[in-house]
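Work through the exercises below with the sequence and the model open. Each task is followed by a solution in steps.

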Amino acid sequence: VRFTMVDRRLELELEVRYAIDEGGVVSARATVTNQSTKDPAPVDVLDLALLLPLPRRAAEIVDQTGRWSGERRPQRHGLVDGAHVRSIRRGRPGHDSPLVSLAGTPRFGFRHGEVWASHIAWSGNQEYVVERLPEGAGVATSVMGARELLAPGEIRLGPRERYETPEMLFAWSDEGIDGVSARLHARVRRESAYPSSVRPLVLNTWEAVYFDHDLDRLLELATEAAEIGVERFVLDDGWFHGRRNDHAGLGDWSVDRDVWPRGLGTLADRVHALGMEFGLWFEPEMVNLDSDLARAHPEWVLSPHEESIAWRHQHVLDLADPDAAGHVLEQMSALVSEYAIDFIKWDHNRDLHGAVNDSGRPRVHAQTLAAYALMDELRSRHPGLEIESCASGGARIDLGIMAHAQRVWPSDTNDPIERQDIQRWTGVLLPPELVGSHVGPEESHTTHRVTSLSFRLVTALFGHAGIEWDLTRLGLDERTALTAWARLYRELRPLIHSGTTVRADDVDSGAMLHGIVSADRTHAVFAWVRTETSATGHSSRVVIPGLDPRGEYSVRVRDEVGAASRHEVADPAWMSQPPRSWSGEFLGRIGLPLPVLNPAQAMLIELTAKTKFSG
């Protein structure tokens, strides 16, 4: 449906368009056009929001916040008179992104309650709002929605020029947050940019070698990766001109011949010969002032002045300048062709504070569209190329970027305690096959917490799995477990990457149950996780939601990657008996007693339907 409104005095036209997809997600866009053909005075667009009315029973709000390596922290509070406003002025959604704004009936959870949701599919500045006024909003009580957060002068319309808002998405569910996720996941899986091939097991070299690039060591790492079962090998930061640390080199996208005298061909050819895809790290939207590019073209740097603020020793490259964008495109495209690159890890390691050009014009809007266009042109030139959106971890996750990328990196931490919640709440918006989930070494490089290998492996299984670890230093037991895990990933990924995400509401504050159920509900896999101890000595019966109540399911523990450590003398009796089966109704209403695990442990449980009841 389209609504067109005209202000004849100001010669403005506003068109608002709504559509609802087969899964029940409402999308909305608005376009404002300056219809003047002769008036030289431009029209500034400062604010154009799209809102959803809410009924009185929507009385609580949940959205997300966070920080680097601690993304996706939920926060909940009551809806009161006034506005709950989340303004993002980082030039990207940020580690503290609200991600999806949720309003619902009191105490709504993953599996219960009525929930309304809004999301803005945009990778630049944005603002979410939930507002209630004493006089209400027409026949509704409150409104929720979002807008692109525009700076004064950023959108200035001359005669016949127009501005179109980013796409706003609204969803509703009477089955809790999981119902909203099911609708959003179905929509994402229908998008044209959604990957058509299976999600290969990844090895990324960052935590294995950091900036220490040595050909022999990397060749050995590639060989070890292939033997374990890795299917995509990604060379991270440090390969390009002048890049021995993060102080220099960004913008000079040519292979550093001091480190790689024969180029990357030897490594790329070896990776491909081993049957793996070859990936490479770039940060195309950024530049170090200590680079040939910045010295040759200082006019391409947004806010290059001495008083401007560097972040991680870098500045923003003005991709809205067609010459700058064209230069980066040609450099990247040449490397993709020369080395048959299959995958790009596309990083974005700083906020866009002070993102104005030399004339003082704000550039976040133009920069965001230019980044989208650069991604699209690269993939147009190189069909089959895949792109990961990484932004110092999870600082650019939204459905705007997912129209151009095939994967996100949700956090720079691989600490499984942190990752359980990060992946749980990223999954409100994205299905697991688009969310990178890597296993790292025993000690996390961000938190320095030490965790068991089985816990790390089970945690990393529920996503687009990968490894961030120096495999050349593995012990025999670690290598055996990783190899078994790689086989398990290949076995279960058709289920994990196509099924319905299910998150049980917590048994207690230190435990969680989450999983994937196939579309026909005949197959499911769940993780029973304990992140901390609780005040109770035994877990109560744990219901396993999302199953067909008429089905009969056999239940077994999958411990190929190692058994979870228990905090009990013996497991529940059903676990030591011959394979047992229960109805889906029993499992979903009554549940099973599950073992009391020690903190930082996880158990993998698989359920397979045996029969279906006639009733």
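**Exercise 1. Determine whether Glu-606 is buried or exposed, and find what its side chain contacts.**

Step 1. Glu-606 has a relative accessible area of 4%, and it therefore counts as buried (under 20% relative accessible area is buried, over 50% exposed, in between partly exposed, with a 1.4 Å probe and protein chains only).

Step 2. Glu-606 belongs to strand 32, residues 601-612. Helices (H or I, at least four residues) and strands (E, at least two) are DSSP runs, numbered from the N terminus.

Step 3. The side chains of Glu-606 and Arg-558 form a polar contact at 2.7 Å. A polar contact is a pair of N or O atoms within 3.5 Å; within protein, one must be able to donate a hydrogen and the other to accept it, and residues adjacent in sequence count only if both atoms are side-chain atoms.

Step 4. With neighbours within four places in sequence left aside, the contacts of Glu-606 (heavy atoms within 4.5 Å) include Glu-491, Leu-492, His-523, Ser-554 and Arg-556.

The model is predicted: local features need pLDDT of at least 70, side-chain atom pairs count only at pLDDT 80 or more, and totals for chains, interfaces and linings use all residues. Residues are numbered from 1 along each chain as its sequence is written, and side-chain values use heavy atoms, with hydrogens and water left out.

**Exercise 2. For His-95 and then His-185, state the location and the backbone oxygen that the side chain reaches.**

Step 1. His-95 sits in the loop between strand 8 (82-88) and strand 9 (101-104). Its relative accessible area is 12%, so His-95 is buried.

Step 2. A polar atom of the His-95 side chain lies 2.8 Å from the backbone oxygen of Ser-392. Ser-392 is also one of the contacts of His-95 beyond four places in sequence, a list that includes Trp-68, Glu-71, Arg-72 and Ala-391.

Step 3. His-185 is part of helix 1, residues 176-189. At 3% relative accessibility, His-185 is buried.

Step 4. The backbone oxygen of Gly-427 is reached by the His-185 side chain at 2.7 Å. Leaving aside neighbours within four places in sequence, His-185 touches Gly-427, Val-428, Leu-429, Leu-430, Pro-431 and Thr-501.

**Exercise 3. Describe how helix 3 packs against helix 4 and against helix 10.**

Step 1. The axes of helix 3 (residues 215-228) and helix 4 (residues 265-273) are 10 Å apart, at an angle of about 10°. Axes are lines fitted to C-alpha atoms, for helices over the stretch in contact, and angles run from 0 to 180 degrees between N-to-C directions.

Step 2. Helix 3 is therefore roughly parallel to helix 4 (under 35 degrees is roughly parallel, over 145 roughly antiparallel, 65 to 115 roughly perpendicular and the rest oblique).

Step 3. Helix 3 contributes Leu-215, Leu-218, Leu-219, Ala-222 and Thr-223, and helix 4 contributes Thr-266, Leu-267, Arg-270 and Val-271. By class there are six nonpolar, two polar and one charged. Ala, Val, Leu, Ile, Met, Phe, Trp, Tyr, Cys and Pro count as nonpolar, Asp, Glu, Lys and Arg as charged, and the others, Gly among them, as polar.

Step 4. Helix 3 and helix 10 (residues 476-496) have axes 9 Å apart and an angle of about 55°, so helix 3 is oblique to helix 10.

Step 5. Here Glu-224, Glu-227 and Ile-228 of helix 3 meet Arg-479, Leu-482, Thr-483 and Ala-486 of helix 10. This contact has three nonpolar, one polar and three charged residues.
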